[in-house]
Amino acid sequence: MEIRYLTPEEIPQGLELVRDVFLEFEAPDYPPEGVEEFFRFLEDSQETLRFYGAWDGTALRGVLAAKEDHICLLFVRREYHRQGTARALTEAYCREQTGAVTVNSSPYAVEAYHRLGFRDTAPQQTVNGITFTPMIRDL
């Protein structure tokens, strides 16, 4: 598995992966308002995020997108779950950071983030139809 930044030409492929995984795992538990908010976020922020990809040859296994010290997106295709893809992406990103890293974890990913060394900083909350738990990982 190779972890590297996505080129501008690869970002659409990364966003397609994010959309597909979101629709499979997250959207069924979100109200329509939350699904709309998530897709609006994807459209509005793709220019300001730094995208990392996990590659298996020519296949994109997963994507992490971040802004400064905050992970905004971490999505891995179903067939690559529990194979170290999310860990590899997170570790590559964290190596470049100083201090703490934050994330607003979806309910589906809370346990995965705990395994990656994150801890809750506040109870689960919902804003604009998006349910999340604020978390932090000290580096």
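Which residues does Phe38 touch, not counting residues up to four places away in sequence? They are Val18, Phe22, Leu73, Phe75 and Ile130, where touching means heavy atoms within 4.5 Å.

## About the model

This is a predicted model, in which local features need pLDDT of at least 70 and side-chain atom pairs count only at pLDDT 80 or more, while totals for chains, interfaces and linings use all residues. Residues are numbered from 1 along each chain as its sequence is written, and side-chain values use heavy atoms, leaving out hydrogens and water.

## The nonpolar cores

Phe38 is also one of the residues that touch the most other members of the largest nonpolar core, along with Phe51, Leu73 and Phe75. This core has 23 residues. A nonpolar core is a set of buried (under 20% relative accessible area, 1.4 Å probe, protein chains only) Ala, Val, Leu, Ile, Met, Phe, Trp, Tyr and Cys residues, joined through side-chain atoms within 4.5 Å. Helix 1 gives the most to this core, with 7 residues. Helices here are DSSP runs of H or I with at least four residues, and strands are E runs of at least two, numbered from the N terminus.

Apart from this core lies another, of 17 residues, including Leu89 and Phe118.

## Meet Thr90

Thr90 sits in helix 3, which covers residues 85-95. Thr90 counts as buried because its relative accessibility is 0%. A polar atom of the Thr90 side chain lies 2.8 Å from the backbone oxygen of Ala86. Leaving aside residues up to four places away in sequence, Thr90 touches Leu64, Ile71, Leu74, Leu116, Phe118 and Arg137.

Terms used. Buried < 20%, exposed > 50% of the residue type's maximum accessible area, 1.4 Å probe, protein only. Polar contact = N/O pair within 3.5 Å; in protein donor to acceptor, adjacent residues only side chain to side chain.
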